[in-house]
Amino acid sequence: MSRSLPFARVTAFALLNGPFPKLGAVVVALLAAAVLLLTDGRRRAWSMLGSLMLAPVLLLADIWSSPQLHVVHRHPLVALLGGAVALAAVTGAARLLAPRLWLLGPLAVLALPFRVPIQSGATTSNLLVPLYLVIAAGTLAVTVPVLRSERAVPPRAAPGWVERLLAASVVLYGIQAVYSADFEQALQQMVFFYVPFALLFALLRGLSWNRGLVVRCLRVLVGLAVAFACIGFVEYATKHLLLSLNTKLIAANDFHTYFTVNSVFFDPDIFGRFLALVMILLAAVLLHAGDRRRQIAATVVLAVLWGGLVLTLSRSSLGALLVGLGVLAALRWKLWPVLATAAVVLAVGAVALAVSPKTFGLNQGLNGASSGRANLVSGGIAMFGDRPGWGYGSGSFVTEYDHQHQRGASRLSASHTIPITIAAEQGVIGLAVYAALIVAAFAMLLRRAREDPLRATIAAAFIALVFHTLLYADFLEDPVSWTLLAVGSALALVPRHRPRPATPESPAVAV
């Protein structure tokens, strides 16, 4: 007995630190891709359960020797009891969801913004723990009845190009994690983002997105946005941040004359992105609602959210809002007036930059005005030039950039420009899949968007989100991207109906 225990420990150590994690990253990526691609109900259910169980196992293997798991090593029974309680809670939630799966929509939307700081390995990550619980419960609620049933499960609709390219993105990320310069980061990205969000996509795509479900989700989003904006107002009035985790933001607020708010979010840009997307959804209500009371209510809420967005000082979010509103206007009316207005706005902005560059921080140079992002972009381009074919591997941008520029342990968020990050990490192969996914998503969302206000709204929000990723970060690492694509894919399956006679209001009245 005493001899077998050391042998077991040595075997476990070899598995956790050998090829098992890298092989596991590829396997879990394949399972997530199967969730997106399979049409057979039972096979898809097994794939969902497999990815749901394998992902936490890989995470535990990654952080097994980290300090936060010392309590597990010392008190294994307590850890098992805690795991049993968590499993019982998820199982109970799944039983409540099983007969009323439509609740997955509002619950997922409710959980989207909330992140919990958790230490993983040598870093502290802000993780979407409430959303993970919703995804786990929803997965059990969907798969267990399918596997228990002895009847034949009707196949779902064949996957479109968006699903295929999402699956290709996940598999490619898992394969390129094998040779990554920072495999730990790549594995965490896979476990925390790609796998659970693929499950989220499958769950939301399977719902019937009728008017009632859309209205419920919109009410949840608006309520959250107003509450977060009010928290931002309190922060600005008291000059005190509710969450003191972002030390860089606290230092910037202490150093500068202006004060930036972040509400319950870690980063003001993420707060601004959330507000901008909700404002685009409300603008669609303003444009298409025939009831004046709804238009007035939407206008009042838009004014509140606009105040919160301004206090974030997020230029990328303001740009995303303008892009989304422009798409809404182009789909509501004609394209050429929107393009003309956009040209005028750009011209006015160029004049303002030329007249007063100091106001926009351009006196500090492009890198100073962009808070150091210009150097990150140029560094990412240089990394792509070194390895244009396959890149440095998934999740490796920060580690490789620090190594080449000898910055030490800096906490960067990749290049703040998604195409540059993909080029540096995944090379031409990753860029090709990314570009194809963007084209396929735009084609799917914009198809018949003029005939359907809901599809036009989803298209405008997604295009605004893509624009924001060009100036900040997080594309497939953001659950909002997967949520919008899932809803858009579900709406694309709705049979085309005869459009009702259009009686659009004049632009002046609507605005």
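Begin by selecting F114, F228, F265, F271 and F274, which form one aromatic cluster in this predicted model. Residues are numbered from 1 along each chain as its sequence is written. Because the model is predicted, local features need pLDDT of at least 70 and side-chain atom pairs count only at pLDDT 80 or more, while totals for chains, interfaces and linings use all residues; side-chain values use heavy atoms, with hydrogens and water left out.

**Aromatic pairs**

The structure holds twelve aromatic pairs. Rings of Phe, Tyr and Trp (its six-membered ring) pair if their centres lie within 6.5 Å; planes under 30 degrees apart count as stacked, over 60 as edge-to-face and the rest as tilted. Helices (H or I, at least four residues) and strands (E, at least two) are DSSP runs, numbered from the N terminus. F228 counts as buried at 3% relative accessibility, and F265 counts as buried at 4%. Buried means under 20% relative accessible area, exposed over 50%, and partly exposed in between (1.4 Å probe, protein chains only).

F442 lies in helix α19 (residues 418-446) and F462 in helix α20 (residues 453-471), so the pair ties together parts that are 20 residues apart in sequence. F442 is partly exposed, with a relative accessible area of 24%, whereas F462 counts as buried at 0% relative accessibility.

**Charges over rings**

Select W102 and R216: the arginine lies over the face of W102, at 4.7 Å from the ring centre. Then select Y236 and K239, where K239 lies over the face of Y236 at 4.1 Å from the ring centre. A charge sits over a ring if NZ of Lys or CZ of Arg is within 6 Å of the ring centre and within 35 degrees of the ring normal.

**Helices α6 and α9**

Two packed helices are described by the angle between their axes and the distance between the axes. Show helix α6 (residues 104-111) with helix α9 (residues 183-205): they pack at an angle of about 145 degrees, with their axes 10 Å apart. Axes are lines fitted to C-alpha atoms, for helices over the stretch in contact, and angles run from 0 to 180 degrees between N-to-C directions. The crossing of α6 and α9 is left-handed, meaning that the near helix is turned anticlockwise from the far one by less than a right angle.

Which residues of α6 and α9 meet? On α6 they are L104, G105 and A108, and on α9 they are L200, L203 and L204. The residues of this contact divide into five nonpolar, one polar and no charged. Here Ala, Val, Leu, Ile, Met, Phe, Trp, Tyr, Cys and Pro count as nonpolar, Asp, Glu, Lys and Arg as charged, and the others, Gly among them, as polar.

Remain on helix α9 and select L199, which is buried, with a relative accessible area of 2%. L199 touches V35, M48, S51, L52, I135 and T139, not counting residues up to four places away in sequence; contact means heavy atoms within 4.5 Å. The C-alpha atoms of L199 and L36 are separated by 8.1 Å, although these residues are 163 residues apart along the chain.

**D62 in helix α3**

Proceed to D62 in helix α3 (residues 41-63). D62 is partly exposed, with a relative accessible area of 22%. Leaving aside neighbours within four places in sequence, D62 is in contact with E184, L187 and Q188. The C-alpha atoms of D62 and L187, 125 residues apart along the chain, are separated by 8.1 Å.

**Two positive phi values**

Most residues other than glycine have a negative phi. Select S263, which has a positive phi of about 55 degrees although it is not a glycine. S263 is found in the loop between α11 and α12 and counts as buried at 0% relative accessibility. L313, likewise not a glycine, has a positive phi of about 55 degrees. L313 is found in the loop between α13 (292-312) and α14 (315-332) and counts as partly exposed at 43% relative accessibility.

**The whole chain**
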